Amino acid sequence: METGHGIKYRQLHIEDYLREIPAEQGRGTGVYVHEWITGNPDTNTDFWTDNLLDTILRSDNLNAAYKRVKANRGSGGMDGMQVDELLPYLKDHRDELVRQLREGKYKPNPVRRVEIPKEEGNKVRKLGIPTVVDRMIQQAIAQELTPIYEEQFSDNSYGFRPGRSAQDALAKCREYVDEGYAYAISMDLQSYFDTVNHSKLIEVLSRTIKDGRVVSLIHKYLKAGVMEDGGFRATTEGVPQGGPLSPLCGNVMLNELDKELEHRGHKFVRYADDCIILCKSRKSAERTLEHIIPFITGKLYLKVNLEKTTVSHISKVKYLGYGFYRNKGRCRMRVHPRSIRKMKDHLRELTVRGNKWSNPEREEKLRRYTTGWINYYRYADMKRLMEDTDEWLRRRIRAVYWKQWKRVRTRYKMLRALHLPEWQVHKLSNCRKGTWRAAEMLNSVLTKTIIVDRLGYPSMTAHYLKVRVNY
(Lines give C-alpha, C1' and ligand atoms only; values in the text may rest on other atoms or scores of the structure.)
Protein backbone atom coordinates (compact mmCIF):
# COMPACT_ATOMS: atom_id res chain seq x y z
CA MET A 1 0.00 0.00 0.00
CA GLU A 2 1.62 3.26 -1.16
CA THR A 3 1.16 6.84 0.00
CA GLY A 4 1.45 9.82 -2.32
CA HIS A 5 5.15 9.98 -1.34
CA GLY A 6 5.82 6.38 -2.27
CA ILE A 7 6.37 5.18 1.30
CA LYS A 8 5.18 1.68 1.84
CA TYR A 9 2.91 1.46 4.87
CA ARG A 10 3.58 -1.23 7.36
CA GLN A 11 1.00 -3.62 8.72
CA LEU A 12 -0.70 -2.83 12.01
CA HIS A 13 0.92 -5.37 14.35
CA ILE A 14 -0.79 -4.56 17.62
CA GLU A 15 0.76 -7.25 19.79
CA ASP A 16 4.38 -6.18 19.38
CA TYR A 17 3.41 -2.64 18.27
CA LEU A 18 6.56 -1.89 16.32
CA ARG A 19 8.21 -3.80 13.55
CA GLU A 20 11.31 -3.31 11.46
CA ILE A 21 10.63 -1.92 8.01
CA PRO A 22 12.44 -3.35 4.98
CA ALA A 23 16.19 -3.46 5.57
CA GLU A 24 17.06 -1.38 2.53
CA GLN A 25 15.26 1.59 4.11
CA GLY A 26 17.59 1.27 7.08
CA ARG A 27 15.21 2.57 9.78
CA GLY A 28 13.00 1.20 12.54
CA THR A 29 9.46 2.25 13.17
CA GLY A 30 10.36 3.27 16.70
CA VAL A 31 11.91 6.49 15.36
CA TYR A 32 9.80 8.30 12.79
CA VAL A 33 11.66 11.48 11.88
CA HIS A 34 10.52 14.34 9.68
CA GLU A 35 13.50 14.02 7.36
CA TRP A 36 12.63 10.42 6.51
CA ILE A 37 9.11 11.31 5.48
CA THR A 38 9.62 14.62 3.80
CA GLY A 39 13.15 14.39 2.46
CA ASN A 40 14.55 17.85 3.03
CA PRO A 41 12.52 19.50 5.84
CA ASP A 42 13.52 22.96 4.66
CA THR A 43 11.69 22.46 1.35
CA ASN A 44 8.57 20.77 2.74
CA THR A 45 7.56 22.60 5.90
CA ASP A 46 3.82 22.16 5.38
CA PHE A 47 3.90 18.37 5.18
CA TRP A 48 2.22 17.83 8.54
CA THR A 49 -0.82 19.92 7.63
CA ASP A 50 -0.99 19.37 3.87
CA ASN A 51 -0.58 15.57 4.12
CA LEU A 52 -2.02 15.04 7.57
CA LEU A 53 -4.02 11.92 6.73
CA ASP A 54 -0.82 10.13 5.71
CA THR A 55 0.74 10.83 9.10
CA ILE A 56 -2.46 9.83 10.92
CA LEU A 57 -2.52 6.47 9.15
CA ARG A 58 1.10 5.63 9.93
CA SER A 59 1.31 2.22 11.58
CA ASP A 60 3.12 3.51 14.67
CA ASN A 61 0.48 6.21 15.19
CA LEU A 62 -2.36 3.69 14.83
CA ASN A 63 -0.57 1.32 17.20
CA ALA A 64 -0.24 4.08 19.79
CA ALA A 65 -3.92 4.92 19.36
CA TYR A 66 -4.87 1.28 19.91
CA LYS A 67 -2.77 1.13 23.07
CA ARG A 68 -4.46 4.24 24.46
CA VAL A 69 -7.97 2.96 23.72
CA LYS A 70 -7.14 -0.39 25.30
CA ALA A 71 -5.65 1.27 28.39
CA ASN A 72 -8.68 3.55 28.82
CA ARG A 73 -11.06 0.61 28.63
CA GLY A 74 -14.59 2.00 28.66
CA SER A 75 -17.84 0.50 27.44
CA GLY A 76 -18.67 -0.37 23.87
CA GLY A 77 -20.59 1.74 21.40
CA MET A 78 -23.78 1.12 19.49
CA ASP A 79 -22.36 -1.94 17.67
CA GLY A 80 -21.73 -3.74 20.97
CA MET A 81 -18.02 -4.37 20.29
CA GLN A 82 -15.94 -4.21 23.47
CA VAL A 83 -12.32 -3.11 23.81
CA ASP A 84 -11.09 -6.71 24.13
CA GLU A 85 -12.64 -7.50 20.75
CA LEU A 86 -10.82 -4.68 18.94
CA LEU A 87 -7.55 -6.53 18.31
CA PRO A 88 -9.14 -9.55 16.53
CA TYR A 89 -11.22 -7.13 14.45
CA LEU A 90 -8.14 -5.15 13.40
CA LYS A 91 -6.25 -8.30 12.44
CA ASP A 92 -9.02 -9.19 9.99
CA HIS A 93 -10.05 -5.73 8.75
CA ARG A 94 -7.01 -3.47 9.14
CA ASP A 95 -6.25 -3.15 5.42
CA GLU A 96 -9.87 -2.49 4.47
CA LEU A 97 -10.25 0.08 7.26
CA VAL A 98 -7.12 2.00 6.21
CA ARG A 99 -8.14 1.85 2.54
CA GLN A 100 -11.60 3.30 3.28
CA LEU A 101 -10.08 6.07 5.38
CA ARG A 102 -7.54 6.92 2.70
CA GLU A 103 -10.18 7.00 -0.06
CA GLY A 104 -12.67 8.99 2.02
CA LYS A 105 -15.23 6.18 1.99
CA TYR A 106 -15.21 5.41 5.71
CA LYS A 107 -18.50 6.19 7.45
CA PRO A 108 -18.40 6.59 11.25
CA ASN A 109 -21.07 4.91 13.34
CA PRO A 110 -23.56 6.91 15.43
CA VAL A 111 -22.59 7.37 19.06
CA ARG A 112 -24.44 5.68 21.90
CA ARG A 113 -26.19 8.17 24.18
CA VAL A 114 -25.41 7.94 27.90
CA GLU A 115 -26.74 10.37 30.50
CA ILE A 116 -25.01 11.13 33.79
CA PRO A 117 -26.53 13.34 36.50
CA LYS A 118 -25.24 16.86 37.10
CA GLU A 119 -24.80 18.53 40.47
CA GLU A 120 -27.76 20.82 40.13
CA GLY A 121 -31.30 19.52 40.31
CA ASN A 122 -32.49 16.89 37.91
CA LYS A 123 -30.26 17.95 35.02
CA VAL A 124 -28.09 15.46 33.18
CA ARG A 125 -24.93 15.65 31.10
CA LYS A 126 -25.30 13.86 27.77
CA LEU A 127 -22.36 11.76 26.66
CA GLY A 128 -21.91 10.14 23.27
CA ILE A 129 -19.94 6.88 23.36
CA PRO A 130 -18.34 6.04 19.97
CA THR A 131 -17.66 2.48 18.90
CA VAL A 132 -14.21 1.18 19.87
CA VAL A 133 -13.08 1.33 16.21
CA ASP A 134 -14.15 4.97 15.95
CA ARG A 135 -12.47 5.69 19.26
CA MET A 136 -9.19 4.35 17.89
CA ILE A 137 -9.49 6.42 14.71
CA GLN A 138 -10.38 9.56 16.69
CA GLN A 139 -7.45 8.92 19.01
CA ALA A 140 -5.11 8.60 16.04
CA ILE A 141 -6.39 11.94 14.68
CA ALA A 142 -6.08 13.64 18.08
CA GLN A 143 -2.49 12.41 18.51
CA GLU A 144 -1.42 14.21 15.36
CA LEU A 145 -3.53 17.34 15.81
CA THR A 146 -2.61 17.96 19.45
CA PRO A 147 1.03 19.03 18.92
CA ILE A 148 -0.03 21.22 16.00
CA TYR A 149 -2.65 23.10 18.02
CA GLU A 150 -0.61 23.21 21.22
CA GLU A 151 1.54 25.82 19.50
CA GLN A 152 -1.56 27.97 18.92
CA PHE A 153 -3.39 27.61 22.23
CA SER A 154 -3.32 30.33 24.87
CA ASP A 155 -1.19 30.10 27.99
CA ASN A 156 -4.39 30.85 29.93
CA SER A 157 -6.09 27.67 28.69
CA TYR A 158 -5.66 24.59 30.88
CA GLY A 159 -8.37 22.01 30.18
CA PHE A 160 -7.57 18.75 28.34
CA ARG A 161 -4.04 19.83 27.48
CA PRO A 162 -0.86 17.80 28.05
CA GLY A 163 1.13 18.88 31.08
CA ARG A 164 -1.65 21.14 32.39
CA SER A 165 -4.19 20.57 35.14
CA ALA A 166 -7.06 22.15 37.04
CA GLN A 167 -4.63 22.99 39.84
CA ASP A 168 -2.54 25.00 37.35
CA ALA A 169 -5.66 26.96 36.36
CA LEU A 170 -6.46 27.66 40.01
CA ALA A 171 -2.91 28.79 40.69
CA LYS A 172 -3.21 31.25 37.80
CA CYS A 173 -6.45 32.60 39.30
CA ARG A 174 -4.70 33.18 42.61
CA GLU A 175 -1.85 34.95 40.84
CA TYR A 176 -4.26 37.38 39.16
CA VAL A 177 -6.17 37.99 42.40
CA ASP A 178 -2.92 38.77 44.23
CA GLU A 179 -2.21 41.32 41.49
CA GLY A 180 -5.44 43.12 42.39
CA TYR A 181 -7.93 41.54 39.96
CA ALA A 182 -10.49 40.73 42.64
CA TYR A 183 -13.74 40.84 40.61
CA ALA A 184 -14.65 37.92 38.43
CA ILE A 185 -16.94 37.24 35.51
CA SER A 186 -17.94 33.62 35.87
CA MET A 187 -18.90 32.75 32.30
CA ASP A 188 -21.44 29.99 31.71
CA LEU A 189 -21.73 28.75 28.13
CA GLN A 190 -25.09 27.05 27.88
CA SER A 191 -24.70 23.35 26.97
CA TYR A 192 -21.44 24.21 25.24
CA PHE A 193 -20.50 20.81 23.80
CA ASP A 194 -24.08 20.28 22.59
CA THR A 195 -24.31 23.62 20.78
CA VAL A 196 -21.00 23.99 18.93
CA ASN A 197 -21.73 25.25 15.42
CA HIS A 198 -20.39 22.71 12.92
CA SER A 199 -19.78 25.20 10.13
CA LYS A 200 -17.84 27.55 12.39
CA LEU A 201 -15.74 24.71 13.83
CA ILE A 202 -14.90 23.38 10.35
CA GLU A 203 -13.95 26.91 9.27
CA VAL A 204 -11.58 27.27 12.23
CA LEU A 205 -10.07 23.82 11.68
CA SER A 206 -9.53 24.53 7.98
CA ARG A 207 -7.32 27.51 8.76
CA THR A 208 -4.69 25.12 10.10
CA ILE A 209 -5.47 21.74 8.52
CA LYS A 210 -4.83 21.98 4.78
CA ASP A 211 -5.52 18.28 4.14
CA GLY A 212 -9.19 18.33 3.15
CA ARG A 213 -9.48 14.58 3.74
CA VAL A 214 -8.89 15.07 7.47
CA VAL A 215 -11.32 17.99 7.70
CA SER A 216 -13.91 15.87 5.88
CA LEU A 217 -13.36 12.94 8.25
CA ILE A 218 -13.78 15.15 11.31
CA HIS A 219 -16.93 16.61 9.77
CA LYS A 220 -18.28 13.07 9.32
CA TYR A 221 -17.73 12.39 13.01
CA LEU A 222 -19.58 15.59 13.92
CA LYS A 223 -22.54 14.52 11.75
CA ALA A 224 -22.47 10.80 12.68
CA GLY A 225 -25.66 11.07 14.73
CA VAL A 226 -26.82 9.55 17.99
CA MET A 227 -28.59 6.31 18.92
CA GLU A 228 -31.09 7.34 21.57
CA ASP A 229 -34.15 5.53 22.96
CA GLY A 230 -33.74 2.82 20.38
CA GLY A 231 -33.76 5.21 17.40
CA PHE A 232 -31.38 7.29 15.32
CA ARG A 233 -31.19 11.05 15.68
CA ALA A 234 -29.16 13.22 13.32
CA THR A 235 -26.76 15.76 14.83
CA THR A 236 -26.75 19.19 13.20
CA GLU A 237 -24.75 20.89 15.95
CA GLY A 238 -22.58 20.00 18.92
CA VAL A 239 -19.51 17.89 19.63
CA PRO A 240 -20.53 14.67 21.42
CA GLN A 241 -18.67 14.33 24.73
CA GLY A 242 -17.16 10.91 25.18
CA GLY A 243 -14.79 10.59 22.23
CA PRO A 244 -11.06 11.45 22.06
CA LEU A 245 -11.69 14.23 19.53
CA SER A 246 -14.27 16.12 21.59
CA PRO A 247 -11.91 17.88 24.04
CA LEU A 248 -9.57 18.96 21.25
CA CYS A 249 -12.41 20.30 19.07
CA GLY A 250 -13.82 22.11 22.10
CA ASN A 251 -10.47 23.78 22.74
CA VAL A 252 -10.03 24.68 19.08
CA MET A 253 -13.33 26.54 19.05
CA LEU A 254 -12.80 28.31 22.38
CA ASN A 255 -9.28 29.27 21.40
CA GLU A 256 -11.04 31.91 19.28
CA LEU A 257 -12.45 33.36 22.51
CA ASP A 258 -9.02 33.16 24.15
CA LYS A 259 -7.40 35.12 21.33
CA GLU A 260 -10.12 37.78 21.48
CA LEU A 261 -9.73 38.18 25.25
CA GLU A 262 -5.95 38.45 24.87
CA HIS A 263 -6.38 41.02 22.09
CA ARG A 264 -8.54 43.12 24.40
CA GLY A 265 -5.95 42.83 27.19
CA HIS A 266 -8.11 40.91 29.70
CA LYS A 267 -6.90 38.64 32.48
CA PHE A 268 -8.68 35.31 32.24
CA VAL A 269 -8.39 31.60 32.94
CA ARG A 270 -10.17 28.88 30.99
CA TYR A 271 -10.50 25.20 31.78
CA ALA A 272 -12.46 23.56 28.94
CA ASP A 273 -15.71 25.57 28.83
CA ASP A 274 -15.30 26.94 32.38
CA CYS A 275 -14.03 30.47 31.78
CA ILE A 276 -13.41 33.13 34.39
CA ILE A 277 -12.43 36.72 33.47
CA LEU A 278 -10.82 38.80 36.20
CA CYS A 279 -11.03 42.60 36.56
CA LYS A 280 -10.00 45.19 39.15
CA SER A 281 -13.47 46.62 39.79
CA ARG A 282 -17.09 45.62 39.52
CA LYS A 283 -17.82 48.30 36.94
CA SER A 284 -14.93 47.11 34.80
CA ALA A 285 -16.20 43.52 35.04
CA GLU A 286 -19.75 44.51 34.11
CA ARG A 287 -18.47 46.51 31.14
CA THR A 288 -16.27 43.60 30.00
CA LEU A 289 -19.19 41.17 30.17
CA GLU A 290 -21.40 43.54 28.18
CA HIS A 291 -18.79 43.81 25.42
CA ILE A 292 -17.71 40.15 25.21
CA ILE A 293 -21.20 38.60 24.93
CA PRO A 294 -21.80 39.92 21.36
CA PHE A 295 -18.53 38.30 20.25
CA ILE A 296 -19.47 34.93 21.74
CA THR A 297 -22.98 34.89 20.32
CA GLY A 298 -22.36 36.74 17.05
CA LYS A 299 -18.94 35.42 16.02
CA LEU A 300 -18.73 31.98 17.62
CA TYR A 301 -22.49 31.24 17.51
CA LEU A 302 -22.47 29.98 21.10
CA LYS A 303 -25.10 30.60 23.77
CA VAL A 304 -24.34 32.40 27.01
CA ASN A 305 -26.49 31.40 29.97
CA LEU A 306 -27.18 34.88 31.36
CA GLU A 307 -28.86 33.49 34.48
CA LYS A 308 -25.71 31.64 35.54
CA THR A 309 -23.15 34.10 34.17
CA THR A 310 -22.34 36.33 37.14
CA VAL A 311 -20.17 39.27 38.10
CA SER A 312 -19.04 39.07 41.72
CA HIS A 313 -16.16 39.44 44.13
CA ILE A 314 -13.72 36.54 43.98
CA SER A 315 -14.80 35.42 47.46
CA LYS A 316 -18.27 34.61 46.06
CA VAL A 317 -17.00 32.59 43.10
CA LYS A 318 -17.00 28.81 42.67
CA TYR A 319 -14.39 27.71 40.15
CA LEU A 320 -13.50 24.07 39.48
CA GLY A 321 -15.01 23.14 42.83
CA TYR A 322 -12.91 25.60 44.84
CA GLY A 323 -13.74 28.84 46.60
CA PHE A 324 -11.37 31.74 47.30
CA TYR A 325 -10.70 33.96 50.30
CA ARG A 326 -8.07 36.41 51.51
CA ASN A 327 -5.74 35.82 54.44
CA LYS A 328 -3.02 38.30 55.38
CA GLY A 329 -3.41 40.00 52.04
CA ARG A 330 -2.93 36.81 50.00
CA CYS A 331 -5.49 34.82 48.05
CA ARG A 332 -6.06 31.32 49.40
CA MET A 333 -8.40 28.50 48.49
CA ARG A 334 -10.99 26.42 50.27
CA VAL A 335 -13.55 23.86 49.21
CA HIS A 336 -16.69 25.56 47.97
CA PRO A 337 -19.85 24.82 50.05
CA ARG A 338 -21.56 23.23 47.03
CA SER A 339 -18.62 20.86 46.63
CA ILE A 340 -18.84 19.97 50.32
CA ARG A 341 -22.54 19.16 49.99
CA LYS A 342 -21.85 16.98 46.97
CA MET A 343 -19.09 15.14 48.85
CA LYS A 344 -21.31 14.48 51.86
CA ASP A 345 -24.18 13.31 49.66
CA HIS A 346 -21.86 10.74 48.11
CA LEU A 347 -20.60 9.60 51.51
CA ARG A 348 -24.22 9.13 52.57
CA GLU A 349 -24.77 6.88 49.56
CA LEU A 350 -21.72 4.82 50.51
CA THR A 351 -22.90 4.42 54.10
CA VAL A 352 -26.57 3.70 53.48
CA ARG A 353 -27.46 0.99 55.98
CA GLY A 354 -29.53 -1.06 53.55
CA ASN A 355 -27.32 -1.35 50.47
CA LYS A 356 -26.36 -4.97 51.25
CA TRP A 357 -22.62 -4.43 50.80
CA SER A 358 -20.19 -6.40 52.89
CA ASN A 359 -18.17 -4.35 55.36
CA PRO A 360 -14.87 -4.85 53.48
CA GLU A 361 -16.59 -3.79 50.25
CA ARG A 362 -17.93 -0.64 51.89
CA GLU A 363 -14.54 0.13 53.39
CA GLU A 364 -12.89 -0.21 49.96
CA LYS A 365 -15.45 2.07 48.28
CA LEU A 366 -15.04 4.68 51.00
CA ARG A 367 -11.26 4.56 50.78
CA ARG A 368 -11.25 4.87 46.98
CA TYR A 369 -13.65 7.83 46.97
CA THR A 370 -12.11 9.79 49.86
CA THR A 371 -8.58 9.31 48.53
CA GLY A 372 -9.51 10.65 45.11
CA TRP A 373 -11.54 13.53 46.53
CA ILE A 374 -8.78 14.68 48.89
CA ASN A 375 -6.12 14.36 46.21
CA TYR A 376 -8.10 16.80 44.06
CA TYR A 377 -8.77 19.28 46.89
CA ARG A 378 -5.34 19.01 48.51
CA TYR A 379 -4.63 22.65 47.59
CA ALA A 380 -7.49 23.89 49.78
CA ASP A 381 -7.31 24.89 53.44
CA MET A 382 -9.62 22.27 54.95
CA LYS A 383 -8.09 20.68 58.04
CA ARG A 384 -11.10 21.60 60.21
CA LEU A 385 -13.48 20.41 57.49
CA MET A 386 -11.73 17.03 57.37
CA GLU A 387 -11.84 16.66 61.15
CA ASP A 388 -15.57 17.42 61.27
CA THR A 389 -16.29 15.16 58.31
CA ASP A 390 -14.32 12.31 59.91
CA GLU A 391 -16.42 12.53 63.08
CA TRP A 392 -19.64 12.55 61.09
CA LEU A 393 -18.48 9.68 58.85
CA ARG A 394 -17.42 7.51 61.78
CA ARG A 395 -20.83 8.01 63.35
CA ARG A 396 -22.47 6.83 60.14
CA ILE A 397 -20.18 3.78 60.13
CA ARG A 398 -21.19 3.00 63.73
CA ALA A 399 -24.82 3.28 62.63
CA VAL A 400 -24.16 0.68 59.93
CA TYR A 401 -22.73 -1.76 62.47
CA TRP A 402 -25.54 -1.10 64.94
CA LYS A 403 -28.08 -1.84 62.24
CA GLN A 404 -26.27 -5.10 61.49
CA TRP A 405 -26.46 -6.04 65.18
CA LYS A 406 -30.24 -5.85 65.08
CA ARG A 407 -30.87 -8.77 67.45
CA VAL A 408 -30.27 -8.28 71.17
CA ARG A 409 -28.26 -11.50 71.43
CA THR A 410 -26.05 -10.36 68.54
CA ARG A 411 -25.37 -7.11 70.35
CA TYR A 412 -24.43 -9.03 73.52
CA LYS A 413 -22.02 -11.16 71.49
CA MET A 414 -20.35 -8.28 69.62
CA LEU A 415 -20.10 -5.96 72.61
CA ARG A 416 -18.57 -8.67 74.80
CA ALA A 417 -16.02 -9.30 72.06
CA LEU A 418 -14.97 -5.68 72.54
CA HIS A 419 -14.21 -6.45 76.23
CA LEU A 420 -16.77 -4.08 77.72
CA PRO A 421 -17.87 -4.34 81.34
CA GLU A 422 -20.96 -6.52 81.69
CA TRP A 423 -23.12 -3.67 82.95
CA GLN A 424 -22.26 -1.64 79.83
CA VAL A 425 -22.90 -4.63 77.58
CA HIS A 426 -26.33 -5.09 79.19
CA LYS A 427 -27.16 -1.38 78.91
CA LEU A 428 -26.22 -1.03 75.24
CA SER A 429 -27.66 -4.36 74.12
CA ASN A 430 -31.08 -3.42 75.43
CA CYS A 431 -30.96 0.13 74.10
CA ARG A 432 -34.24 1.21 72.51
CA LYS A 433 -32.94 4.44 71.05
CA GLY A 434 -33.05 5.11 67.31
CA THR A 435 -30.15 4.04 65.12
CA TRP A 436 -28.57 7.50 64.85
CA ARG A 437 -28.77 8.10 68.62
CA ALA A 438 -27.41 4.63 69.35
CA ALA A 439 -24.51 5.31 66.98
CA GLU A 440 -23.54 8.26 69.15
CA MET A 441 -23.62 6.04 72.25
CA LEU A 442 -21.26 3.61 70.48
CA ASN A 443 -18.65 6.35 70.31
CA SER A 444 -16.88 4.98 73.39
CA VAL A 445 -17.11 1.40 72.11
CA LEU A 446 -16.30 1.55 68.39
CA THR A 447 -13.57 4.11 68.89
CA LYS A 448 -11.61 5.93 66.22
CA THR A 449 -8.72 3.53 66.78
CA ILE A 450 -10.91 0.49 66.16
CA ILE A 451 -12.66 1.96 63.11
CA VAL A 452 -9.52 3.27 61.42
CA ASP A 453 -6.71 1.00 62.58
CA ARG A 454 -8.47 -2.34 63.10
CA LEU A 455 -11.40 -2.19 60.67
CA GLY A 456 -9.43 -0.27 58.02
CA TYR A 457 -11.83 2.61 57.33
CA PRO A 458 -10.15 5.77 55.97
CA SER A 459 -9.20 8.80 58.00
CA MET A 460 -9.76 11.81 55.75
CA THR A 461 -7.80 14.07 58.09
CA ALA A 462 -4.74 11.82 58.09
CA HIS A 463 -4.68 11.55 54.31
CA TYR A 464 -5.18 15.29 53.86
CA LEU A 465 -2.30 16.12 56.22
CA LYS A 466 -0.15 13.72 54.23
CA VAL A 467 -0.86 15.12 50.74
CA ARG A 468 -1.90 18.74 51.28
CA VAL A 469 -0.12 21.48 49.37
CA ASN A 470 0.37 24.80 51.16
CA TYR A 471 1.26 27.90 49.20
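Which side chain meets that of arginine 330 in a salt bridge? In this predicted model, the partner is aspartate 178, at 3.3 Å from N to O. The two residues lie in distant parts of the chain, 152 residues apart. Arginine 330 belongs to strand β10, which covers residues 330-335, while aspartate 178 belongs to helix α7, which covers residues 166-178. Arginine 330 is partly exposed, because its relative accessibility is 49% and the exposed class begins over 50%. Aspartate 178 has a relative accessible area of 29% and is also partly exposed.

**Salt bridges**

The whole structure holds 30 salt bridges. The table gives some of them, including the pair already described.

| Lysine 105 | Glutamate 103 | 3.5 Å |

In the pair of lysine 105 and glutamate 103, the lysine counts as exposed at 57% relative accessibility, since exposed means over 50%. Glutamate 103, with a relative accessible area of 42%, is partly exposed.

**Threonine 389**

Is threonine 389 buried or exposed? Threonine 389 is buried, because its relative accessibility is 0% and buried means under 20%. This residue sits in helix α15, which runs over residues 383-404. The side chain of threonine 389 comes to 2.7 Å from the backbone oxygen of leucine 385. Leaving aside residues up to four places away in sequence, threonine 389 is in contact with Met343, Lys344, Leu347 and Met460.

How many disulfides does the structure hold? The count is zero. A disulfide is a covalent bond between the sulfur atoms of two cysteines. Among the cysteines, cysteine 249 is buried, with a relative accessible area of 4%. Cysteine 431 has a relative accessibility of 10%, so this residue too falls in the buried class, whose limit is under 20%.

Note on methods
Residues are numbered from 1 along each chain as its sequence is written. This is a predicted model: local features need pLDDT of at least 70, side-chain atom pairs count only at pLDDT 80 or more; totals for chains, interfaces and linings use all residues. Side-chain values use heavy atoms; hydrogens and water are left out. Helices (H or I, at least four residues) and strands (E, at least two) are DSSP runs, numbered from the N terminus. Buried means under 20% relative accessible area, exposed over 50%, partly exposed in between (1.4 Å probe, protein chains only). A polar contact is a pair of N or O atoms within 3.5 Å; within protein, one must be able to donate a hydrogen and the other to accept it, and residues adjacent in sequence count only if both atoms are side-chain atoms. Contact means heavy atoms within 4.5 Å. A disulfide is a pair of cysteine sulfur atoms within 2.5 Å. A salt bridge is a side-chain nitrogen of Lys or Arg within 4 Å of a carboxyl oxygen of Asp or Glu.
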